[in-house]
Each structure stands twice: as structure tokens, then as C-alpha cells.
Amino acid sequence: MSRRKWTAEEKMNIVLEGMAPGANISEVCRNHGIAQTLYYRWREAFLQAGLSGLSTGPSAREQQLEKELEEAKKLLGEQAMQIEILRKKTNWGRK
């Protein structure tokens, strides 16, 4: 028996169905053919993602990208300075 691949939208709909007032998690899981443990993992992931979406500051990924950008700018600046020093030493590019 092969495992079913669920899309993110399908998972979200199942989680939301289980979170509806009066919903019976056992019944929701049975209707969709999933284990309750899987439902609770999806629900936790859904709630965590929602929490990060509501945070006011930049995400961890955004912070990481900003750090990488700053490092790249620093490296680029250092290389530009090295090129300028070499140009001055060799009079390269001057007529």
C-alpha cells in the first residue's frame, strides 16, 4: 500500500475541519484516512506557522538573508579596495 501525498492546502483544510466547533477529531481523521497523530502534527505545524506569520519582526529566514547580504557587501567592498590598491601599484588602467 503506497502512502498518500497530501498538498499543503489539503492538510490545511483537514486541520481547519478538525478545529471547527464541535468537530470530532477521530471522525475527521477516519473520514480522511489519516492517523490522529498525523493530524496533531499537522495542526501543530499549522499553528506554529500562523504564529510566525503574526509576529511583527522579521522572520528568522529574513534575518539570515540580511546577514548574508551584509557579509557579501563587506566582501565586495574589500575586493574593490584590493583592486584599487593593485591599480595604484601597477598604474594599470592609466594612460
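**Entry 1: the nonpolar patch**

I began with the nonpolar surface patch, and I noted that helices α1 and α3 (36-54) each supply at least two of its residues. This is a predicted model, so I am reading everything here as a prediction. Which residues make the patch? I wrote down Met12, Leu16, Met19, Phe46 and Leu47, which together make a patch of about 390 Å². Then I checked which helix gives the most to it, and α1 does, with three residues.

Leucine 16 sits in helix α1. Its relative accessible area is 40%, so I put it down as partly exposed.

**Entry 2: the positive patch**

I found a positive patch formed by Arg3, Lys5, Lys11 and Arg41. I followed up on lysine 11, which belongs to helix α1 (residues 8-19). Is lysine 11 buried, partly exposed or exposed? I have it as partly exposed, because its relative accessibility is 31%.

**Entry 3: salt bridges**

A reminder to myself: side chains of opposite charge can pair when their charged atoms come close. How many salt bridges are there? I count two.

One of them joins arginine 4 to glutamate 10, and I read 2.8 Å between the closest N and O atoms. I looked up both partners. Arginine 4 is partly exposed at 48% relative accessibility. Glutamate 10 is partly exposed as well, with a relative accessible area of 26%.

The other one I looked up is between the side chains of glutamate 84 and arginine 87, at 4.0 Å from N to O. Where do these two sit? Both are in helix α4 (residues 60-90), and they are three residues apart, so about one helical turn separates them. Glutamate 84 comes out as partly exposed at 33% relative accessibility. Arginine 87 is partly exposed too, with a relative accessible area of 34%.

**Entry 4: aromatic pairs**

I turned to the rings last. To describe a pair of aromatic rings, I need the distance of the centres and the angle of the planes. I count two aromatic pairs. Tryptophan 6 and tryptophan 42 make one of them, edge-to-face, with 5.8 Å from centre to centre and 70 degrees between the planes. What does this pair tie together? Tryptophan 6 is in the segment before α1 and tryptophan 42 is in helix α3, so the pair links parts that are 36 residues apart in sequence.

Are these tryptophans buried or exposed? I noted tryptophan 6 as buried, since its relative accessible area is 18% and the cut-off for buried is under 20%. Tryptophan 42 is also buried, with a relative accessible area of 12%.

Then I went to tyrosine 39 and tyrosine 40. Their ring centres are 5.3 Å apart and their planes stand at 80 degrees, so I logged this pair as edge-to-face. Tyrosine 39 is buried, with 0% relative accessibility. Tyrosine 40, on the other hand, is partly exposed, with a relative accessible area of 35%.

How values were computed
Residues are numbered from 1 along each chain as its sequence is written. Side-chain values use heavy atoms; hydrogens and water are left out. Patches are made of residues with over 30% relative accessible area and no salt bridge: like charges are joined within 9 Å, nonpolar side chains (Val, Leu, Ile, Met, Phe, Trp, Tyr) within 5 Å. Accessible areas come from the Shrake-Rupley method with a 1.4 Å probe; for residues, only the protein chains shown count as cover. Lys and Arg count as positive and Asp and Glu as negative; His and the chain ends are not counted. The place of a charge is taken as NZ of Lys, CZ of Arg, CG of Asp or CD of Glu. Helices (H or I, at least four residues) and strands (E, at least two) are DSSP runs, numbered from the N terminus. Buried means under 20% relative accessible area, exposed over 50%, partly exposed in between (1.4 Å probe, protein chains only). Rings of Phe, Tyr and Trp (its six-membered ring) pair if their centres lie within 6.5 Å; planes under 30 degrees apart count as stacked, over 60 as edge-to-face and the rest as tilted.
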